Amino acid sequence: MVTLPSASGWLLCAAVCVATLPVMAAIGFSTGLYHLTPAQPDLALRMLKVFFVPALGEEIVFRGLLTPGRDESPRPALLIAISTSLYTLWHVAEALTFLPGAAGVFLRPDFLLCCAVLGLACAILRYRTGSLWPAVLLHWALVVAWQTWWGGVSALS
């Protein structure tokens with residue numbers, strides 16, 4: 001929580017973000033998961049809520065606890081695969097337990113594929129920079145975009 005990326009780490013973050021966004025957009029827009037919508041109201045409140053849940057809350061668990069930094073594991077690929085898989089399955093568990101209203105979205109294969117892409121990108125950021133913050137910011141930005149402009153709020157209601 002106290003480690004920040006170096007200058008080169010932030011450049012890597014930008015590159016991972018530039019690679020992740022088109023992949024997720026291609027999946028989401030080609031399948032109808034994402035669609036352009038007018039901006040949803042209460043953007044400031046949404047940005048604040050999304051920062052804490054899901055971005056910070058999920059990143060602490062799936063990247064902070066389960067994904068190693070560069071010098072923390074001799075088998076990082078295995079731990080990254082496990083954290084990404086658990087992160088993706090977490091959305092299934094949410095839909096089947098305490099967020100049944102989200103099941104129509106959270107159980108879609110395209111949504112789960114987008115979760116896996118985001119989870120992998122966040123894990124790579126955590127591993128390569130040693131910092132949790134790039135993963136939190138990427139997660140936050142993509143969920144805010146989805147909920148605000150790409151149909152996420154209407155899909156979940």
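## Terms and model

Helices (H or I, at least four residues) are DSSP runs, numbered from the N terminus. This is a predicted model, in which local features need pLDDT of at least 70, side-chain atom pairs count only at pLDDT 80 or more, and totals for chains, interfaces and linings use all residues. Residues are numbered from 1 along each chain as its sequence is written, and side-chain values use heavy atoms, with hydrogens and water left out.

## Largest pocket

A pocket is defined on a 1 Å grid over the protein atoms alone, as an open set of points where a 1.4 Å probe fits, with protein on both sides within 12 Å along at least five of seven lines; lining residues have an atom within 4 Å of a point. The largest pocket holds about 500 Å³ of space, a volume being the space filled by probe spheres set on the points. Its lining has 28 residues, and Pro-54, Glu-58, His-91, Phe-106 and Val-143 are the closest to its centre.

Helix 2, helix 3, helix 5 and helix 6 each give two or more residues to this lining. Helix 2 gives the most, with seven residues. By class, 22 lining residues are nonpolar (Ala, Val, Leu, Ile, Met, Phe, Trp, Tyr, Cys and Pro), two are charged (Asp, Glu, Lys and Arg) and four are polar (the others, Gly among them).

## Glu-59 in helix 2

Glu-59 sits in helix 2 (residues 43–65). Beyond residues up to four places away in sequence, Glu-59 touches (heavy atoms within 4.5 Å) Pro-54, Gly-64, Cys-122, Leu-132, Ala-135, Val-136 and His-139.

## Nonpolar cores

A nonpolar core is a set of buried Ala, Val, Leu, Ile, Met, Phe, Trp, Tyr and Cys residues joined through side-chain atoms within 4.5 Å. The largest has 27 residues; Met-24, Tyr-34, Phe-111, Leu-118 and Leu-138 touch the most other members. Helix 5 gives the most to this core, with nine residues.

Leu-118 is in contact with Met-24, Tyr-87, Leu-138, His-139 and Leu-142, leaving aside neighbours within four places in sequence. Another core lies apart, with five residues, including Ala-55, Leu-132, Trp-133 and Val-136.

## Helix 1

Helix 1 has 25 residues and should span 36 Å at 1.5 Å a residue, the expected span being 1.5 Å times one less than the number of residues. Its end C-alpha atoms are 37 Å apart, which agrees.

Buried residues of helix 1 include Gly-9, Cys-13, Val-16, Thr-20 and Met-24. The buried residues of this helix pack against helix 5 and helix 6. Gly-32 follows helix 1, with a positive phi near 90 degrees.

Technical notes. Buried means under 20% relative accessible area, exposed over 50%, partly exposed in between (1.4 Å probe, protein chains only).
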